[in-house]
Amino acid sequence: MLEPIKPEDIKQEKPSDNRIFFVIPFRALNDKKLSIQRMRALLACCSYANHSGTLFPSTERLANDLGIAPSTMASHIKYLTQRGYLKTVNNSYTVGKHAKPRMVIYDPNNPPDDDEYTQLEQDHREKEQEQKAIAEQQAKLVESMQSKSEVLAKPTSLYRVWRESTLKRFGVFHQYEEDIYLELSHRYTVESFKKATQGYLNSKGSPPASVKVMLRC
């Protein structure tokens, strides 16, 4: 007997990497103290930097990109920071797992300012919170306009209704077809699906081939 696919079991496709080029500090080209490994570490950091030179990936992510141990990557980052190529924004909040925002220092004579970054970060966070509050208010408004019986069903809820109905009527069940139940969930509430299912099954003398037939209702 096949059970419904749980959301956590659905494999998420890895987003494509659209990076084509990135900028590195020119002085690194003539820095003879930079080994090949540390140069690669610098390149990895710069590949994540935005237009202001800020990057957010964790040490684990950078290490994974280079195929090295996180502890080795941490050592490279420490060295690059001491050499003046990177700067960790220590007074900012932690991003993700063990990750603080870092900044690439392109010009040592004009390093990035912590206060300026902190203000930009605060503005960004306030904007995110504002957008989140608006979305929550909109969701509450929609929910208040719908009674419980009018709320569209979840795909797995529709599958359970179909499975129980076919087991009771014919003693059989069908495979969970994620795409189909997802499409049905945009059209049915649990109650309306029960009615449509019951009406269809009562008119059949043999087990239906699939829930696909409900798409024609």
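Q: Let me start with a spot I clicked on: where is Val 151?
A: Val 151 sits in the loop between helix H4 (114–144) and H5. Before we go on, keep in mind that this is a predicted model.

Q: Okay, noted! Is Val 151 buried, exposed or partly exposed?
A: Val 151 has a relative accessible area of 39%, so it counts as partly exposed.

Q: And how far apart in space are Val 151 and Tyr 188?
A: They are 8.7 Å apart, C-alpha to C-alpha. Along the sequence, Val 151 and Tyr 188 are 37 residues apart.

Q: Is Tyr 188 buried or exposed, then?
A: Tyr 188 counts as buried, because its relative accessibility is 8%.

Q: Let me zoom out. How many helices and strands are in the chain?
A: The chain has 7 helices and 3 strands. Reading from the N terminus, the elements go α-β-α-α-β-β-α-α-α-α.

Q: How much of the chain is buried?
A: Buried residues account for 30% of the 217 residues.

Q: And what share of the contacts join residues at least 24 apart?
A: That share is 63%, taken among contacts between residues at least 6 apart in sequence.

Q: Back to H5. How do H5 and H7 cross?
A: Helix H5 covers residues 155–169 and helix H7 covers residues 190–202; their axes come within 10 Å and cross at roughly 30°. That angle makes H5 roughly parallel to H7, because angles under 35 degrees count that way. The crossing of H5 past H7 is right-handed.

Q: Which residues make that contact?
A: From H5 you have Ser 157, Leu 158, Val 161, Trp 162, Ser 165, Thr 166 and Arg 169. From H7 there are Val 190, Phe 193, Lys 194, Thr 197, Gln 198, Tyr 200, Leu 201 and Asn 202.

Q: What kinds of residues are those in the contact of H5 with H7?
A: They divide into 7 nonpolar, 6 polar and 2 charged.

Q: What about H5 and H6, how do their axes cross?
A: The axes of H5 and H6 come within 8 Å and cross at roughly 105°. H5 and H6 are therefore roughly perpendicular to each other.

Q: Who touches whom between H5 and H6?
A: H5 brings Pro 155, Leu 158, Tyr 159 and Trp 162, while H6 brings Tyr 181, Leu 182, Leu 184 and Ser 185. By class, this contact of H5 with H6 has 7 nonpolar residues, 1 polar and no charged.

Q: I see some rings around there. How many aromatic pairs does the structure hold?
A: It holds 4 aromatic pairs. One of them is Tyr 159 with Tyr 176: the ring centres are 5.2 Å apart and the planes are at 85°, so the pair is edge-to-face.

Q: Which parts does that pair tie together?
A: Tyr 159 lies in helix H5 and Tyr 176 in the loop between H5 and helix H6 (178–185), so the pair links parts that are 17 residues apart in sequence. Tyr 159 and Tyr 176 are buried. Together with Tyr 181, these two form one aromatic cluster.

Q: What is the geometry of the pair of Tyr 188 and Phe 193?
A: That aromatic pair is edge-to-face, with 5.3 Å centre to centre and 75° between the planes. Phe 193 has a relative accessible area of 0%, so it is buried.

Q: New topic: how do H2 and H3 cross?
A: Helix H2 spans residues 59–66 and helix H3 spans residues 70–82; their axes come within 8 Å and cross at roughly 105°. That makes H2 roughly perpendicular to H3. In this contact, Thr 59, Glu 60, Leu 62, Ala 63 and Leu 66 of H2 meet Pro 70, Met 73, Ala 74 and Ile 77 of H3. The contact of H2 with H3 counts 7 nonpolar, 1 polar and 1 charged residues.

Q: Last one: which residues of H1 are buried?
A: In helix H1 (residues 36–46), they are Ala 41, Leu 42, Ala 44, Cys 45 and Cys 46. The buried residues of H1 pack against strand S1 (54–55), H2, H3, strand S2 (86–88) and strand S3 (102–104).

How values were computed
Residues are numbered from 1 along each chain as its sequence is written. This is a predicted model: local features need pLDDT of at least 70, side-chain atom pairs count only at pLDDT 80 or more; totals for chains, interfaces and linings use all residues. Side-chain values use heavy atoms; hydrogens and water are left out. Axes are lines fitted to C-alpha atoms, for helices over the stretch in contact, and angles run from 0 to 180 degrees between N-to-C directions. Helices (H or I, at least four residues) and strands (E, at least two) are DSSP runs, numbered from the N terminus. Angles under 35 degrees count as roughly parallel, over 145 as roughly antiparallel, 65 to 115 as roughly perpendicular and the rest as oblique. A crossing is left-handed if the near helix is turned anticlockwise from the far one by less than a right angle, and right-handed if clockwise. Contact means heavy atoms within 4.5 Å. Ala, Val, Leu, Ile, Met, Phe, Trp, Tyr, Cys and Pro count as nonpolar, Asp, Glu, Lys and Arg as charged, and the others, Gly among them, as polar. Rings of Phe, Tyr and Trp (its six-membered ring) pair if their centres lie within 6.5 Å; planes under 30 degrees apart count as stacked, over 60 as edge-to-face and the rest as tilted. Buried means under 20% relative accessible area, exposed over 50%, partly exposed in between (1.4 Å probe, protein chains only).
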